[in-house]
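Take a look at the model below.

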Amino acid sequence: MPDPHISVTLVNELNLLAAGLFLLATFGLVATRQVLDCVALFAGQSVLLAASAALLGHEAASDHLYAVAAITIVAKALLIPWLLRRTASEAVVARREISQVLNIPTSLLIALGLTILAYFLAAPLRAAAPSGQVGVNLPIGLAALLIGAFTVTVRREALPQVLGLLSMENGAFFAGVAIAPDLPLFAELAAAFDVLVIALVMGLLTRKLHERAGSTSVADLTDLREE
Amino acid sequence: MVLWFILTLPLIAAALALWASRHRTVPGGVTVLATALQLLLALAVAARCASGAMVTALPGWVSCDAFGALVLALCAFAGFTAALFSIGFTRRATQPMEAGRVRRYFVRFNLFLVPVLAVPLLSNVALVWIAVALTTLLSIFLVSFDQSTAALEAAWKYAILTSMGAALALFGVLVLYWAMRQGGAEDFTWSGLAAAAGAMPPLLVKTAFLFMLVGYGTKAALVPFHSWLPDVYSQAPVPICALLSVVETTTLPYVIVRLLPLFPGKAGDGAGRWLLAFGLLSAVGAALLLVQVKDLKRLFAYSTIENAGIILTAAGLGGAAGYGSVYQLMNHALAKPFGFFAAGAALLFAGTTEIAAVQGLGRRSPLAGAALLAGALAVTGAPPFALFLSELSILQGGAVDHRFLPVALLTLCMVGAFCAVLYHVTRMVFGRASATGPLPAFPRSYALALFVAFVPVVLLGVSLPASVEHLLRLAAMALAR
Amino acid sequence: MIAHLLYNVLQALVVLLFAPLMAGISSKLKERLQSHRGPSVFQPYYDLWKLFHKDEIVSHESTWIFRVTPYVVFVAPLFVALLIPVLTDYPLFFAFMGDMLGGGFILALGGFFATLAAIDTANPYGPMGASRTRMVGFLAEPVFMIVFFTVSVVAGSTIPYIVQQRWVHPPANFFDPAHVLLMIAFFMLILAETGRLPVDNPSGHFELAMIDESKGLEYSGRGAALMKWGGAMKFFVLLCIFLNVLVAPWGLASSQSFTAVLAAIPLVLLKMVLCILALVGVESSFAKLRLFRITEFLGAAFVVCVAALLIRLMEL
């Protein structure tokens, strides 16, 4: 039974699929216990971001978005996991059984709630300026932004916090490829550079924390709670 | 051309500091020279902008108007004084054998200055976002210079929270770009956006503004998002505190306030109300928190939050108070480094920053005691100092526009902050000396930094030169909506 | 009409006859993947044959429930086989007698009786396994519900024959995220519902760690054979729902001729073997989850489902 609401082109469906899996990867970052899996999930999320950019680029016949996809793949899917693994020491990356503030089903339910919130937040924006694939990418990107922030607050381990941060950025850009497809390429490059600096600096800081405090559990950082 | 010089000078200085690895003194010397040159260039730019001209290096990407020039000059000044202070600081904080640490400190110091100076010089909004994000990232290892667990913890909080803010602001930037394209404009610069303001969908602009306000507000440590700032200031080296404090109260209000022209006519009230809410919350919250402070550097940290709140409140009030907002921004950026340097000197003689443990600082070192007292008076806006005039002009401006409730609240928190800071500081300065032991010599670079930072605070408190006032007036036009 | 009725019966027969084969292939593949030789793929048939020829022992303490349960467990999947597309991609005689929800209820009825029977004998391991099964069941049921709801939102129906057409007309619909996410979620559900790793270990022999197996410990002879056969058929039916309804109706007969329907049997079995290969791969690469981690596993399946639903809503 064909549904009149659904746009039937393959590109649309594939972009939707990328969006769905992107959201799933974001959920995964909330709930995965092993640091290495988190890193892999982040890389996967970045690949999906690049896929969405490439698909939108195909639709709009814009070389610009292809370039964005390429930048994303190189910077986020390849360099960042490599950097994080290089800078943070083995003991940090190989950690398993990360403890969380909330248990995993609760976190996942909250993340679902945030997704619904993002959907309702994005609805009036879509209505204000309807254009193309915005309807898909904007709510999903916003959801990833919110869930990323939630990940940072709920995680108690250094590297997953950083990955939550980076996934916030991915979320913003996931919306960005649809709402700001022709952002100057120089700005995109600079943003990729910025993300790399985040990974490098935070990786190094994690390493130092591990050396000094003997643990990368952020829960152990309570020295400065004197107010 | 001059703008390119300003941006490349710190890079050159960083390279030189890196290259001169053997010598302990070279990195510091190079840094002081470079920052002095930056200051001169920035003042030259400001002078040109004060006559109403735009200084442009690359149209659409790098240019500077009066507001930008003001922020640029203030940051350059703070950079210069902090560099001066850093020489003495690194000498005292490191062992003779640790030339590497000193070199790293100055390399990072210079690298940090690049994005700080870039924020007012860049005109493309997306690039401004990147510069703001980089100011955090490049200052993390300056904050954790001490290498202790506590310092690393502070650096971690700082990095995580402000980067979260940056991600939110990024979303705001992208939505703003969307709004601009919907409005049919091409030019993603401050001026281009202001020109297209009428055509953009108001809902999108408002969304973008809120995301950017929250995002940049986290970096500016506005009150619901301020928790990282006192921790960072209690752990970071004194010159870094001074510099960060100036960065947070100049560049971030700058990028937030720059959005105001996007709300033409009636819509401006909405944006103003948000600024007012966040500003007042920060000012009042910080004034309350000031009362219970136990650490000298945290004291100045909360005062920074309070001032950021005052600046944004005044910008939110708009109208006659808009000028006061810019004025306050300038005076605070001049006074706060002095306050931190005084705290650094006090730390040197008292041995601790814990307020309750220190007494009779004035007895032990009259210079440090006097400096601390003067610093406390300067940052809270006591009469002989410049901040008094700007606070007065904000209150006057608000009263002229019949905005009595915000004015009353602002007055209350200004007075409250004044009493709280003075209460803590007088207890430290007067009374019988608590610390004993050999008296350390007052480092020359400390004295020099204190003096250089002190001069403008007093001079501007006595009289405002016509050229500076003109620059301020031009800068305040950026707030007009 | 008569042909449709005939095909429908044929479907049930296929389920009845080939279910043990699939169980055999599954255990053979699993052993092979772990570098063992493994039993013959026909081993389940030999087992059934042997069990049917053995005496049945029934405890005096047990009630009629214990005696009825094997028949319920045996018959329930056969009823479901009448409702779902096993061989054809056009609706058959009983197709509109019940939707996916109805099929789910019938399967659940079998599970319900199995649970009661396990408690009935007062064997210490039975109730333990039963309570654990119920725990998994309670967690799995909302996911089933959300799967069906999502299906009904996307396809506008929960009749399996209508749903299966939705994914391939037009072909781009196959990549509909709701579809892909549903497939992932249902795959996870099959793992949980048929007592496979990482939720349960079907080849474990340690009663304390059993979830699904311990319920049938008291049965012997014919009862045990029926329980075993019923379990294999449930697995077969679930695979049918997954492969033919939720993935795509590929390989099913689309013409009315009898030869086409017969030709569909090997194709469907091939599809199932491929799917079993994937299942076995999953089973061999994961360790069994701790009991309290099962909530997380099914929570993840739930999230996947709701994500599918949300994406679907955003599409509109």
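The model is predicted.

Start in chain C, with its helices H1 and H2. Two packed helices are described by the angle between their axes and the distance between the axes. Helix H1(C) runs over residues 2–33, and helix H2(C) over residues 43–52. Their axes come within 7 Å and cross at roughly 125°.

H1(C) brings Pro20(C), Ala23(C) and Gly24(C). H2(C) answers with Gln43(C), Pro44(C), Tyr45(C) and Leu48(C). By class, this contact has five nonpolar and two polar residues. No charged residue takes part.

Stay in chain C and move to helix H8(C), residues 221–247. With 27 residues at 1.5 Å a residue, H8(C) should span 39 Å. Its end C-alpha atoms lie 38 Å apart, so the two values agree. Is H8(C) mostly covered or mostly open? It is mostly covered, with 24 of its 27 residues buried.

Finally, turn to chains A and B. Here 32 residues of chain B are in contact with 35 residues of chain A. On the chain B side, H5(B) (125–143), H6(B) (149–182) and H8(B) (202–219) each supply at least two residues. Which helix gives the most to that side? It is H6(B), with 19 residues. By class, the side of chain B that touches chain A has 25 nonpolar residues, five polar and two charged.

Note on methods: Residues numbered from 1 in each chain as written. Chains lettered and ligands numbered in written order. Predicted model: local features only at pLDDT ≥ 70, side-chain atom pairs only at ≥ 80, totals over all residues. Axes fitted to C-alpha atoms, helices over the stretch in contact; angles between N-to-C directions. Helix = DSSP H or I, 4+ residues; strand = E, 2+ residues; numbered from the N terminus. Contact = placed C-beta atoms within 7 Å. Nonpolar A, V, L, I, M, F, W, Y, C, P; charged D, E, K, R; others polar. Expected span 1.5 Å × (residues − 1). Buried ≥ 20, exposed ≤ 12 C-beta atoms within 10 Å, placed from the backbone.
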